[in-house]
Amino acid sequence: MEIINKTNWRTSDLKKIITRAFAEDDKVEGKYLYRKYLVIKIFNATPWQKHFLEHFKKKGIPVPRERRAYTGRAFLGGYRMIMKLPSNEIDKRMLVKIFVHELTHIRGYRHSKMGYWLTDKEAGSWMDDDINYPVRQKEIKLKPKVDLQVKRYEHALAAVKDKKSKLKRLQNQIKKWTQKTRYYEHVLAANGKIKKED
Ligand SMILES: [Zn+2]
């Protein structure tokens with residue numbers, strides 16, 4: 001089972017819940033044998049488009065938080081599943097319900113029987129356990145704010161270092177070529193081809 005998580009929620013939390021729900025569903029439906037091939041993609045629910053917002057306003061309906069949160073898609077007997085979850089708050093039971101719904105399609109069923117264990121007190125109570133089954137927001141890694149002046153200073157330092165090393169290389173080359181000219185001056189002066197200047 002591969003979980004591709006594009007939501008704000010921690011992958012490890014989602015995975016733990018999905019794994020447990022899978023186990024509970026397996027107890028009822030029998031072990032699903034192709035779990036390792038299953039790919040589950042999870043996205044944030046899409047926000048409302050403008051014309052929906054205008055519609056709500058005209059009708060005086062309070063705007064639901066997100067459009068079509070808790071939706072899923074899967075092919076009958078397939079091995080891929082897509083789920084959409086709200087980004088701000090999450091109802092674990094809804095998450096599990098969607099997952100089991102899609103899993104049932106994956107198992108090859110239509111809508112006749114879907115996760116009736118969900119309402120079973122024993123099989124479903126773990127969903128209310130927020131300590132062992134939390135859904136937390138991903139930790140946002142804040143980029144350290146770069147001070148522009150510090151950045152420019154470091155750039156200048158690097159430039160000085162670069163120019164100095166180029167200068168050193170040039171000085172070495174000058175030294176080498178100067179030695180060459182001395183050699184030829186010596187030889188050519190000895191042959192009378194140039195005059196040695198005093
Ligand atoms: Zn369905």
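**A walk through the model**

Modeller: This is a predicted model. Let's start at L118, which sits in the loop between α3 (92–106) and α4 (121–124).

Biologist: Is L118 buried, exposed or partly exposed?
Modeller: L118 counts as partly exposed because it has 18 C-beta neighbours inside 10 Å, and a buried residue would need 20 or more.

Biologist: And which residues is L118 in contact with, leaving aside its neighbours within four places in sequence?
Modeller: Those are V96, K97, V100 and G124. As for V100, it is 18 residues from L118 along the chain, with 8.8 Å between their C-alpha atoms.

Biologist: Switching topic: in the largest nonpolar core, which residues touch the most other members?
Modeller: M83, L85, L95, V96 and F99, out of 21 residues in that core. Two or more residues each come from α1 (11–29), β2 (39–44), β4 (80–85) and α3. The largest share is from α3, with 7 residues.

Biologist: What is M83 in contact with, again skipping neighbours within four places in sequence?
Modeller: M83 has I40, I42, G72, I98, F99 and E102 as contacts.

Biologist: OK, strands now. How many bridges join β2 to β4?
Modeller: There are 6, and the two strands run parallel.

Biologist: What about β1 and β2?
Modeller: Strand β1 (residues 2–5) also runs parallel to β2, joined by 4 bridges. There, N5 has I42 as its bridge partner.

Biologist: Which hand does the β-α-β unit of β1, α1 and β2 have?
Modeller: That unit is left-handed.

Technical notes. Residues numbered from 1 in each chain as written. Predicted model: local features only at pLDDT ≥ 70, side-chain atom pairs only at ≥ 80, totals over all residues. Buried ≥ 20, exposed ≤ 12 C-beta atoms within 10 Å, placed from the backbone. Contact = placed C-beta atoms within 7 Å. Core = buried A, V, L, I, M, F, W, Y, C linked by C-beta atoms within 7 Å. Pairing = 2+ DSSP bridges. Right-handed = clockwise from strand over helix to strand, strands pointing away.
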